[in-house]
Amino acid sequence: MAKTTTIYICQQCSYQSPQYLGKCPNCSSWNTLVESIDRTASSSAKASLGPVPKPVKLSETTQKPLVRLKTKVDELDRVLGGGIVPGSVVLLAGDPGIGKSTLLLQIAAKFKALYISGEESVEQIKLRFNRLGEKSSHLFILAETNVDQVTAAARENTFEVVVVDSIQTMITEELNSAAGSVGQVRETAYRLHRFAKDTGVAVFIIGQVTKEGTVAGPKVLEHLVDTVMHLEGEAHHAFRILSAAKNRFGPIEEIGVFEMSEAGMTEVKNPSKQFLTGRIVAPGSIVVPILEGSRSVLTEIQALTNPTSFGLPVRRSLGFDQNRLQLLVATMIKRAGIPLQNQDIFINVAGGLKIAEPAADLAVCLAIASSVFDKVISKDTIAVGEVGLLGELREIRFLDKRLDEAKRLGFKNFITPKSAKTLKEAVGLAIRK
Ligand code: TYD
Ligand code: MG
C-alpha cells in the first residue's frame with residue numbers, strides 16, 4: 001500500500017500546510033492546525049466518480065422497520081429512545097472514574113459483543129467482569145489501539161455491538177500525531193463510523209471529558225456520531241445520571257438514573273424515593289417535582305444564607321443556573337420584600353441532578369426564604385412554579401403529572417401557581433412566621 005500523505009489543516013480558515021505550525025500564517029490563530037489525511041493525494045480520490053447516482057422519490061421509498069436491541073436496562077433503553085439501533089454510533093462521554101467502562105461492559109455482556117480496550121489489559125477487564133458477576137459466554141475482548149486492526153477484527157465475526165474504550169487511545173498509523181490528538185480522534189472516529197454504517201453493527205465509543213468539561217477532541221466527533229450521551233455525577237457519591245445531548249433516534253429529554261455499587265452500575269427505578277432518602281427537615285429545605293423527559297422526579301432543594309462578612313454578597317449554586325439565581329434573588333428583594341441585600345446565598349440540588357427548567361424557581365425562592373427567616377417548611381410540602389421578574393407565579397407544563405408523583409410519595413401540601421398568584425403570597429403560605 002502506498003504511504004498516504006498527511007497535511008495540516010487550520011480549523012479556523014482551512015489553510016493547508018505540509019508541516020505543523022503553531023500559528024496559522026493565513027488567519028493568525030494559534031494551535032489550530034490539525035493533522036489530517038490528504039485524501040486528494042491518494043489515487044482512489046483521483047479515480048473517476050463512477051456512474052451518476054440516482055435520487056429516489058421520498059414518497060416511493062419504503063421504510064424498513066427499525067428493530068432496536070433492548071438492553072433490558074430500562075434506564076439506558078429510555079435514554080437511547082427505546083433500545084440500541086443497529087448500525088448506530090453512540091458516544092458515551094464522562095469524567096474519568098465515573099463508570100463508563102463499567103456500564104458498557106455490563107451492556108456488552110448482554111449481547112454478542114466485542115469489547116475493545118485501549119486502556120486496560122484483558123486481565124484487568126476479566127477481573128472487573130468477575131467482580132460484576134457477569135457470566136456472558138458470547139462477549140469477546142480485544143486489547144488493541146490500532147483502529148484499522150480493530151475494525152478488521154470486528155469484521156471477522158458477526159457482532160451485534162462493538163464497544164471502543166476509549167477513543168482517546170485509538171490511533172491510525174496513517175497519521176503521525178499522538179493518540180488523543182484532534183487529528184487522531186477525528187480520523188479514528190470516522191473509521192469506526194464507517195464500520196458501523198457498512199456492517200450494521202452498533203458501535204459505542206467511550207470519550208473522556210477534558211478539564212474544561214467538553215468531550216476531548218474536536219466538536220466534529222459529536223457531529224459524526226448519532227447519539228451523544230453524558231454520564232455525570234459526583235465521584236464520591238453513588239448516583240450517576242445518564243442523559244442524551246443529541247440523539248438521531250430518540251428524544252433528548254430523558255435521563256437514566258444509576259447507582260454505582262459493589263455490583264457495578266445498578267438501575268435506580270424509583271429516583272424520587274432515592275433522592276429523598278436521608279433528607280432531614282431543617283430551615284432551607286424544600287422538595288420540588290421536576291420533569292425529566294416523560295417522568296416526574298422529586299428532588300430536594302437546599303439553600304443556605306449567611307450574612308456577608310465583607311465585600312459583595314456571594315451567590316453560588318450547584319445543579320441550578322447561577323444567572324437564574326441572581327434574577328430570583330433580585331425579585332425576592334424587590335417584589336417580596338425579603339432582606340437579602342447583605343446575605344451570601346448558596347443553593348444545592350440534592351442527588352446531583354442539574355435542573356434546567358424554570359419550574360424549580362419557586363422552590364429555590366422558598367428554600368432561600370426558609371433559610372433567611374430560619375423557619376422550617378413543613379416536611380410534606382412541595383413547591384413548583386416559574387417566578388417572573390414582577391414577582392408573579394407563572395403556569396408550568398404538566399402540573400398534574402408532577403403532583404401525582406408528589407402524592408405517590410406522601411406529600412400533602414402543594415404550593416403552585418394555582419394556590420398562590422404571587423411570590424409574596426407563596427412565601428406566606430410556606431413560612432408561617
Ligand atoms: P470505571 O467504569 O472504570 O470508570 P471510567 O471508565 O468512567 O473511568 O469505574 C471506575 C470506578 O468505579 C472505580 O473507582 C471503581 C468503581 N467501581 C465500583 O464502585 N463498583 C464496581 O462494580 C466497579 C466495576 C467499579
Ligand atoms: Mg474506563
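Visitor: How do the residues lining the largest pocket divide into nonpolar, polar and charged?
Guide: This is a predicted model, and in it the lining of the largest pocket divides into 11 nonpolar residues, 10 polar ones and four charged ones.

Visitor: How many residues line that pocket, and which lie nearest its centre?
Guide: The lining of the largest pocket holds 25 residues, and those nearest the centre are Gly233, Glu234, Gly352, Leu353 and Lys354. Two or more lining residues come from each of strand 4 (89-94), strand 9 (227-232), strand 10 (239-247) and strand 16 (343-349).

Visitor: Which element gives the most to the lining?
Guide: That is strand 9, which contributes three residues to the lining of the largest pocket.

Visitor: And what about domains, which ones does the lining draw on?
Guide: Domain 2 (74-269) and domain 3 (273-432) each supply at least three residues to the lining of the largest pocket.

Visitor: What volume does the largest pocket have?
Guide: The volume of the largest pocket is about 600 Å³.

Visitor: Which residues line the largest cavity?
Guide: The lining of the largest cavity is made up of Leu80, Gly83, Ile84, Val85, Ser88, Val90, Thr227, Asn247 and Phe249. Five residues of this lining are nonpolar and four are polar, with no charged residue among them.

Visitor: What share of the protein chain is buried?
Guide: Of the 433 residues in the protein chain, 48% are buried. The accessible surface of the protein chain comes to about 21600 Å², and 54% of that surface belongs to carbon and sulfur atoms.

Visitor: How many helices and strands does the chain have?
Guide: The protein chain has 12 helices and 20 strands, and its C-alpha trace spans about 80 × 55 × 50 Å along the principal axes.

Visitor: Last one, what share of the contacts joins residues 24 or more positions apart?
Guide: Among contacts in the protein chain with a separation of 6 or more, 67% are between residues 24 or more positions apart.

Notes:
Residues are numbered from 1 along each chain as its sequence is written. Chains are lettered from A and ligands numbered from 1 in the order in which they are written. This is a predicted model: local features need pLDDT of at least 70, side-chain atom pairs count only at pLDDT 80 or more; totals for chains, interfaces and linings use all residues. Side-chain values use heavy atoms; hydrogens and water are left out. On a 1 Å grid over the protein atoms alone, a cavity is a set of points where a 1.4 Å probe fits but cannot get out, and a pocket is an open set with protein on both sides within 12 Å along at least five of seven lines; lining residues have an atom within 4 Å of a point. Grid points are joined across faces, edges and corners, and a volume is the space filled by probe spheres set on the points. Helices (H or I, at least four residues) and strands (E, at least two) are DSSP runs, numbered from the N terminus. Ala, Val, Leu, Ile, Met, Phe, Trp, Tyr, Cys and Pro count as nonpolar, Asp, Glu, Lys and Arg as charged, and the others, Gly among them, as polar. Domain bounds come from an automatic or database domain assignment. Buried means under 20% relative accessible area, exposed over 50%, partly exposed in between (1.4 Å probe, protein chains only). Contact means heavy atoms within 4.5 Å. Accessible areas come from the Shrake-Rupley method with a 1.4 Å probe; for residues, only the protein chains shown count as cover.
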